[in-house]
Amino acid sequence: MILTVFEISVLITKWVIYLSVAAVIGGTLMQYLIKGQPNLGISVAKYTGLGAVLGLIAVSINYFAQVGGFAENGLMGIFDAQMHAFLWPTQVGQTVLWRLIGFGLMLVASSLLFHKNRYIKTFSAVLAILSCLLIAVTFTFIGHSTELGLLAQGLILIHVLIIGSWIGAFYPLWKLCSTDDNIVIKNVMDTFGRLGIVIVILVLLSGMGMVWMLFDSPTELFSSDYGIAVTIKLCLVAIILLIAAWHKLVLVPKLTIANPSLAKQKLQKSIGLEALIAVLILATTAVLSSVLGPMSLG
């Protein structure tokens with residue numbers, strides 16, 4: 001399969017969009033888990049702000065790349081007025097519009113989060129939550145789930161919110177390990193670990209539900225390009241779950257006992273590895289949603 005420049009652009013920007021979504025959703029969650037850590041809170045606010053900026057850029061480039069691809073008129077095709085007029089009223093255009101609004105709201109929210117006025121801070125928190133919901137809902141506008149009905153769209157919405165909360169929390173957790181107070185690190189990791197149990201259950205249920213709806217037979221997981229890509233993604237998810245269990249059962253308990261400094265270093269490196277695998281999972285997801293498609297949908 002040879003991809004055009006526009007198709008490659010769509011693929012890469014979609015990957016960046018997924019990374020941005022994870023940053024804004026996971027960063028918003030972590031702001032509530034690290035209350036009382038103002039320096040870390042500022043870092044996480046910058047993280048969500050950067051995610052919002054990257055999201056705005058990636059969504060815009062992704063849209064123009066789609067226009068250029070449909071126009072089939074070389075690079076100047078991205079300015080094709082007829083193709084813009086055709087695409088903008090469709091679900092493609094609506095998705096772009098609401099994602100731009102969602103990332104824009106998050107950019108405003110992250111800039112107001114540490115305002116001295118508590119009403120403005122509350123307003124910022126409401127904006128951040130609204131932004132996360134808006135962005136997550138846009139994933140039900142397009143993609144394979146739209147052909148499978150409301151149940152599939154509901155599963156996608158839950159999947160995006162949960163995966164975003166999980167993957168997007170890795171950077172704040174990694175940054176948390178740079179603080180000197182191991183008790184704070186342990187408390188946050190314990191809280192995140194308890195949330196993680198719920199996250200894992202919802203990820204598995206929503207993921208299994210989508211696999212069940214997208215495949216006619218389990219053999220397609222190994223006999224089609226789409227199935228092989230899904231299998232690779234599932235293997236990466238399994239690895240990341242094992243690492244999370246290693247944190248909860250082994251590394252986190254060691255933070256407040258013998259040689260806590262070494263345990264903290266190991267935990268930070270391990271979270272970094274988790275983040276790297278998460279980046280690969282999102283890259284695989286971008287391929288699944290851009291280049292490949294399930295046999296059940298033709």
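**Close-ups of a predicted model**

View 1. Axes here are lines fitted to C-alpha atoms, for helices over the stretch in contact, and angles run from 0 to 180 degrees between N-to-C directions. Helices (H or I, at least four residues) are DSSP runs numbered from the N terminus, as are strands (E, at least two). This is a predicted model, where local features need pLDDT of at least 70 and side-chain atom pairs count only at pLDDT 80 or more, while totals for chains, interfaces and linings use all residues. Residues are numbered from 1 along each chain as its sequence is written, and side-chain values use heavy atoms, with hydrogens and water left out.

**View 2. Helix 1 and two of its partners.** Look at helix 8 (residues 182-214) next: it packs with helix 1 at an angle of about 130°, and the axes are 11 Å apart. The pair is therefore oblique, and the crossing of helix 1 and helix 8 is right-handed. With helix 4, the axis of helix 1 comes within 11 Å and crosses at roughly 40°. Helix 1 and helix 4 are therefore oblique too, but here the crossing is left-handed.

**View 3. The second largest pocket.** This pocket holds about 410 Å³ of space. Its lining takes in 22 residues, with Gln31, Tyr32, Lys35, Leu113 and Lys121 nearest the centre. Helix 1 (5-33), helix 2 (38-71), helix 4 (91-112) and helix 5 (118-138) are the elements giving two or more residues to the lining. Helix 5 has the largest share, five residues. A pocket is an open set of points on a 1 Å grid over the protein atoms alone, where a 1.4 Å probe fits, with protein on both sides within 12 Å along at least five of seven lines; lining residues have an atom within 4 Å of a point.

**View 4. Two annotated spans.** UniProt, in an unreviewed entry, lists residues 15-34 and 227-250 among its "transmembrane region" features. In residues 15-34 the end C-alpha atoms lie 28 Å apart, and the span is 95% helix. For residues 227-250 that distance is 34 Å, with 100% helix.

How values were computed: Grid points are joined across faces, edges and corners, and a volume is the space filled by probe spheres set on the points. UniProt positions are given in the numbering used here, feature names are shortened, and annotations may be inferred rather than shown by experiment. Angles under 35 degrees count as roughly parallel, over 145 as roughly antiparallel, 65 to 115 as roughly perpendicular and the rest as oblique. A crossing is left-handed if the near helix is turned anticlockwise from the far one by less than a right angle, and right-handed if clockwise.
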